[in-house]
Amino acid sequence: MTTRGNTLNAFCEYTVKFCGRISLAVLIASSTMIASEASARDAAFIQSVVASPPPTGARQLCRQYTWACAQKGVASLSSAQELKLVKQINRRVNASTREVTDQRQYKTREMWALPTSLGGDCEDFALLKKRDLINAGIDPRKLLIATVLDTRRNSHAVLVYRSSQGDLVLDNLTNRIKPWSETRYLFLRMQDPKQPRKWVGVYGRS
C-alpha cells in the first residue's frame with residue numbers, strides 16, 4: 001500500500017474510533033436525559049407503595065355512592081377544558097359549603113358523606129367536588145380522594161385530579177390548585193387509580 005494509502009487508512013481508523021466515542025457519549029447523554037425526564041414525570045404523580053385498608057369513614061363509601069368508586073368514564077374533554085372545570089368547581093364548592101365537623105353534625109368522630117345544608121368537613125368537600133366533576137364530564141379515574149397530614153400535621157382529606165402533567169390537589173383550605181409536591185402535606189392513603197374502590201398507601205412527603 002502506498003504512503004498516501006496508509007495515511008488515508010489511518011485517518012479512517014481514527015475517524016471510526018473518534019466517532020465511536022462520540023456515539024457512545026451521545027448515547028450515554030441521551031439515556032441520562034430520558035431517565036431524568038422519566039424520573040421527573042414519576043415525581044409529578046403520587047406513587048402507590050402498598051395496598052392499604054380504606055380510612056374508617058370510607059369503608060361504606062362505594063355502597064353509599066357508587067360514583068365515588070366508578071372505574072369507567074368517557075374522555076370527551078380536552079386537558080384545557082378539564083382544568084377550567086376543575087378550577088371552577090373547586091372554587092364554587094369552597095365558597096358555597098360551610099365547614100362543620102362530623103362531631104357537631106353527626107355526633108360521631110368520622111363520617112364520610114356529601115355536605116348537608118349545614119355544611120361538611122374536608123372529606124365531604126372532596127366528595128362533592130368529585131361528584132360535580134364527574135357530572136361535568138371528567139373521567140372518574142382521574143379523581144381520587146386522598147388522606148394526608150397537613151402542614152400542622154393534622155388529619156386532612158383532599159381530592160387529587162390526575163392531569164396529564166401530574167397530580168393536582170383540590171383543597172377546601174385554599175382556592176389555589178397546586179401540584180401535590182407543592183402542598184407541604186404528608187400523603188398517607190389514596191384511592192387506587194386502577195380500582196378506586198380499593199385504597200393504596202402512598203406515604204409521599206411533598
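Me: Which side chain of opposite charge is nearest to Asp121?
Reply: This is a predicted model. In it, Asp121 sits in the loop between α4 (102–106) and α5 (122–135). Asp121 is buried yet has no salt bridge. Its nearest side chain of opposite charge is 9.9 Å away, and that is Arg109.

Me: Which residues does Asp121 touch, not counting residues up to four places away in sequence?
Reply: Contact here means heavy atoms within 4.5 Å. Leaving out residues up to four places away in sequence, Asp121 touches Val100 and Asp102.

Me: Is Cys122 buried or exposed?
Reply: The cut-off for buried is under 20% relative accessible area. Cys122 has 12% relative accessibility, so it counts as buried.

Me: Which cysteines does the disulfide join?
Reply: The structure holds one disulfide. Such a link is a covalent bond between the sulfur atoms of two cysteines. Here the S to S distance is 2.0 Å, and the pair is Cys62 and Cys69.

Me: Is the link of Cys62 and Cys69 left-handed or right-handed?
Reply: Cys62 and Cys69 are both buried. The angle about their S-S bond is -85°, and the link is left-handed.

Me: How many salt bridges does the structure hold?
Reply: Side chains of opposite charge can pair when their charged atoms come close. One of the pairs here is Arg162 with Asp167, with closest N and O atoms 2.7 Å apart. Both of these residues are buried. Salt bridges that share partners also join Arg92, Arg131 and Asp132 into one network. The number of salt bridges in the structure is six.

Me: How many residues apart in sequence are the parts that Glu82 and Lys142 tie together?
Reply: Glu82 forms a salt bridge with Lys142, and their closest N and O atoms are 3.1 Å apart. Glu82 belongs to helix α3 (residues 79–96), while Lys142 is in the loop between α5 and β2 (143–149), so the pair ties together parts whose separation in sequence is 60 residues.

Me: What is the relative accessible area of Glu182?
Reply: Glu182 forms a salt bridge with Arg176. Their closest N and O atoms are 3.6 Å apart. Glu182 is partly exposed, and its relative accessible area is 42%.

Me: Which residues form a nonpolar patch on the surface?
Reply: One member lies in the loop between α1 (3–43) and β1 (50–52): Val49. Val49 counts as exposed, because its relative accessibility is 56%. The patch has about 300 Å² of accessible area together, and its residues are Val49, Val50 and Tyr203.

Definitions and conventions:
Residues numbered from 1 in each chain as written. Predicted model: local features only at pLDDT ≥ 70, side-chain atom pairs only at ≥ 80, totals over all residues. Heavy atoms only, no water. Patch = residues over 30% accessible without salt bridge, like charges linked within 9 Å, V, L, I, M, F, W, Y side chains within 5 Å. Areas by Shrake-Rupley, 256 points an atom, 1.4 Å probe, with all protein chains shown as cover. Salt bridge = Lys/Arg side-chain N within 4 Å of Asp/Glu carboxyl O. Helix = DSSP H or I, 4+ residues; strand = E, 2+ residues; numbered from the N terminus. Buried < 20%, exposed > 50% of the residue type's maximum accessible area, 1.4 Å probe, protein only. Disulfide = S-S within 2.5 Å. Lys, Arg positive; Asp, Glu negative; His and termini not counted.
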